[in-house]
Each structure stands twice: as structure tokens, then as C-alpha cells.
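Biologist: I am new to this structure. Could you show it and take me through it step by step?

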Amino acid sequence: MYYAESNRRVPVRITEKLKTQTRENIRNALTDALKENPPPPLQDSRKCLGCSLSPVCLPDEYWALKEFGHKGTSLQRRVIPARDDCIPLYVQDQGATIKKTRNCLKIISGQEKPDEVKLYKTSQVNLMGNIQ
């Protein structure tokens with residue numbers, strides 16, 4: 001197994017037990033997919049940070065709306081507060097990629113050296129076009 005973020009390989013032994021467990025997990029996933037109401041997303045899980053389905057699942061938003069509904073308060077929620085002391089970042093290079101490393105955003109496009117922006121100096125990130 002290869003972990004792209006840490007650039008690390010871990011050997012995995014394919015055993016009969018692992019095959020059985022994998023088949024069982026697939027059956028459970030298919031059963032959950034056929035349900036009228038899917039299971040709720042994870043709550044405060046570190047797994048959500050790197051998950052490619054997080055923008056679809058929206059775990060933070062789901063649980064915030066659930067909490068507001070129980071309290072009977074307004075459903076309006078400001079996800080990211082505005083910062084007056086920071087500036088917005090606009091990325092327009094088609095095909096560019098933005099990566100977060102520690103407290104920096106790296107903008108990688110056709111250049112030899114990626115541009116870096118300090119995260120604490122950024123109020124918002126605006127992507128215009130085909131940018132990941």
C-alpha cells in the first residue's frame with residue numbers, strides 16, 4: 001500500500017482472513033447503499049480530512065445542522081469567519097494544483113518553482129476554472 005501524503009509504502013499480506021473481511025465489508029457497503037436513509041457521517045474523525053468524499057458527505061455541516069435543529073436556533077452557520085487583516089488568494093491558472101503543507105499553500109502550475117502563500121495571511125481562496 002502506498003500513502004501519497006507521507007510518501008511511504010507499507011507491505012500488506014493478502015491472507016484468506018483479509019479476503020473474507022474485505023468481502024464482508026463490500027457486502028455491508030452495498031447493503032448500506034441500498035438503504036433509503038444512508039448512515040450518518042463520522043463525527044470529528046481524522047479520516048474525514050483526507051477523504052475524497054468529504055465534499056459530498058459534508059460531515060461538519062451535517063452535524064452542525066443536527067445540533068442546531070435540536071436546540072431550535074437558527075440554521076445559519078458561518079463556517080469560516082472573515083479576517084480583516086488578511087487578503088484573498090485568487091488562482092486562475094488552468095490545470096493548477098493547490099497543496100497545503102503545514103501552514104503554507106503551494107500553488108503548482110507550469111512554473112519550475114511553486115508559489116507559496118502563508119495560510120495565516122489568507123482570508124479566502126478563490127479558484128477560477130479547472131484547478132485542484
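Modeller: A definition comes first: two strands pair if DSSP finds at least two bridges between them. Helices (H or I, at least four residues) and strands (E, at least two) are DSSP runs, numbered from the N terminus. The model is predicted, so local features need pLDDT of at least 70 and side-chain atom pairs count only at pLDDT 80 or more, while totals for chains, interfaces and linings use all residues. Residues are numbered from 1 along each chain as its sequence is written, and side-chain values use heavy atoms, with hydrogens and water left out.

Biologist: How many helices and strands does the protein have?

Modeller: The protein has three helices and seven strands. Along the sequence, the pattern reads β-β-α-α-α-β-β-β-β-β.

Biologist: Which strands make up the open sheet of three strands, and in what order?

Modeller: The order is S4-S5-S6, with antiparallel pairing. S4 and strand S6 (115–118) stand at the edges, each with a single partner strand, so one side of each is left without a neighbour in the sheet. From one strand to the next, the twist averages 25 degrees; such angles run from 0 to 180 degrees between N-to-C directions, with axes as lines fitted to C-alpha atoms, for helices over the stretch in contact.

Biologist: How many bridges join S4 and S5?

Modeller: Strand S4 (residues 97–101) and strand S5 (residues 104–108) pair over five bridges, in the antiparallel sense. Ile 98 has Ile 107 in S5 as its bridge partner. Lys 99 is partnered by Lys 106 in S5, and Lys 100 by Leu 105 in S5.

Biologist: Is Arg 102 buried or exposed?

Modeller: Arg 102 is exposed, with a relative accessible area of 77%. The cut-offs are under 20% relative accessible area for buried and over 50% for exposed, with partly exposed in between (1.4 Å probe, protein chains only).

Biologist: Moving to the helices, where does Leu 58 lie?

Modeller: Leu 58 lies in the loop between helix H2 (54–57) and helix H3 (59–71). Leu 58 has a positive phi of about 50 degrees although it is not a glycine. With a relative accessible area of 38%, Leu 58 is partly exposed.

Biologist: How many aromatic pairs does a search of the whole structure find?

Modeller: The search finds one aromatic pair. The rings of Tyr 62 and Trp 63 have centres 4.9 Å apart and planes at 85 degrees, so the pair is edge-to-face. Rings of Phe, Tyr and Trp (its six-membered ring) pair if their centres lie within 6.5 Å; planes under 30 degrees apart count as stacked, over 60 as edge-to-face and the rest as tilted.

Biologist: Why do Tyr 62 and Trp 63 count as partly exposed?

Modeller: Tyr 62 counts as partly exposed because its relative accessibility is 30%. Trp 63 counts as partly exposed because its value is 23%.

Biologist: How many disulfides are found?

Modeller: A search of the whole structure finds zero disulfides, a disulfide being a pair of cysteine sulfur atoms within 2.5 Å. Among the cysteines, Cys 57 counts as partly exposed at 39% relative accessibility, whereas Cys 86 is buried with a relative accessible area of 10%.

Biologist: Last topic, the protein as a whole. What share of its residues count as buried?

Modeller: Of its 132 residues, 12% count as buried. The accessible surface comes to about 11800 Å², and 53% of that belongs to carbon and sulfur atoms; the areas come from the Shrake-Rupley method with a 1.4 Å probe, and for residues only the protein chains shown count as cover.
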